[in-house]
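Reader: Please walk me through this structure, one feature at a time. Give me the general idea, then the case here.

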Amino acid sequence: MSDLIQFVANYDDLSTDKGFQFKFHCDKCYNGYMSRFQPNAIGIAGSLLQAAGSLFGGLGGAENAAYHIQRAVGGKAHDEALQKAVAEGKQQFKQCTRCGHWVCPDACWNHSAGLCEDCAPDEQEELRAHQAQATQEQIRTKTREQDYTQHIDFLNRGALLQCPNCQAKLTAEQKFCGSCGTPNPAAKPQERHCTGCGTKLQPEQKFCAECGTKS
């Protein structure tokens, strides 16, 4: 069984009572190779016995006998099928002599170094990967150096208001809602000036304090 342990650390067993099949995975990228299907003679024989039993109303425990036969030899048949699948699958992968991993030759093997790309990364791939990473970091740094908030009114001085009647958007300068005509409760009071001398008047003044003109 030492030959099996060499290559079966990363695989899926897709076997059924009808036959044996295995899917092996690259230890690095998990690309897979599926072995050829190997029929299970005992499983097929058991199915035939079950079919015959259903046709003739039972053959004195034929179905039960097939189950016991499968139990008796299924383990050995499975191991032999796995051994064949391993021999087949090993042709599709390469083993790194440095880390021992089995990897796919197309994506994860450095042919010039004779090692997997975890142990001997491809120089051009590494260069491009680090260039892309550095570009991302530089974009992030330069983006953070820019001030994107200089036009934001953090004191909320120019905040939009809503009409209490129709919820239309208003500004503090609007005296009335442009949609329904409702007075804007947050509107800034209009400055008043004396018609006689032009002096600024307070909201509560009825006469100008400079010239006595009635406001």
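**Reading the side-chain contacts**

Author: Tyr 11, Phe 22 and Phe 24 form one aromatic cluster. This is a predicted model: local features need pLDDT of at least 70, side-chain atom pairs count only at pLDDT 80 or more, and totals for chains, interfaces and linings use all residues. Residues are numbered from 1 along each chain as its sequence is written, and side-chain values use heavy atoms, with hydrogens and water left out.

Reader: How many aromatic pairs does the structure hold?

Author: Rings of Phe, Tyr and Trp (its six-membered ring) pair if their centres lie within 6.5 Å; planes under 30 degrees apart count as stacked, over 60 as edge-to-face and the rest as tilted. The structure holds two such pairs. Tyr 11 and Phe 22 have ring centres 6.2 Å apart and planes at 55°, so this pair is tilted.

Reader: Where in the chain do Tyr 11 and Phe 22 lie?

Author: Helices (H or I, at least four residues) and strands (E, at least two) are DSSP runs, numbered from the N terminus. Tyr 11 is in strand S1 (residues 11–13) and Phe 22 in strand S3 (residues 22–25). They are 11 residues apart, and the pair links distant parts of the chain.

Reader: What about the pair of Tyr 11 and Phe 24?

Author: The ring centres of Tyr 11 and Phe 24 are 6.1 Å apart and the planes are at 35°, so this pair is tilted. Tyr 11 in S1 and Phe 24 in S3 are 13 residues apart, again a link between distant parts of the chain.

Reader: Is Phe 22 buried or exposed?

Author: Buried means under 20% relative accessible area, exposed over 50%, partly exposed in between (1.4 Å probe, protein chains only). Phe 22 is at 0% and therefore counts as buried. Phe 24 is also buried, at 0%. Tyr 11, at 28%, counts as partly exposed.

Reader: Which residues have the most contacts inside the largest nonpolar core?

Author: A nonpolar core is a set of buried Ala, Val, Leu, Ile, Met, Phe, Trp, Tyr and Cys residues joined through side-chain atoms within 4.5 Å. The largest has 20 residues, and Phe 22, Phe 24 and Phe 93 have the most contacts inside it. S3, H3, strand S7 (102–103) and S9 each give two or more residues to this core. H3 gives the most, with four residues.

Reader: Which residues meet in a salt bridge?

Author: A salt bridge is a side-chain nitrogen of Lys or Arg within 4 Å of a carboxyl oxygen of Asp or Glu. A search of the whole structure finds one. It joins the side chains of Arg 36 and Glu 88 (3.5 Å, N to O). Arg 36 lies in the loop between strand S4 (32–34) and strand S5 (38–39), and Glu 88 in helix H3, so the pair ties together parts that are 52 residues apart in sequence. Arg 36 is exposed, at 62%, whereas Glu 88 is buried, at 13%.

Reader: What else is Glu 88 in contact with?

Author: Contact means heavy atoms within 4.5 Å. Leaving aside neighbours within four places in sequence, Glu 88 is in contact with Tyr 33, Met 34, Ser 35 and Arg 36. H3, where Glu 88 lies, spans residues 62–89.

Reader: And where is His 111 found?

Author: His 111 is in the loop between strand S8 (109–110) and strand S9 (115–116). At 55% relative accessibility, His 111 counts as exposed. Not counting residues up to four places away in sequence, His 111 touches Lys 94 and Pro 105.
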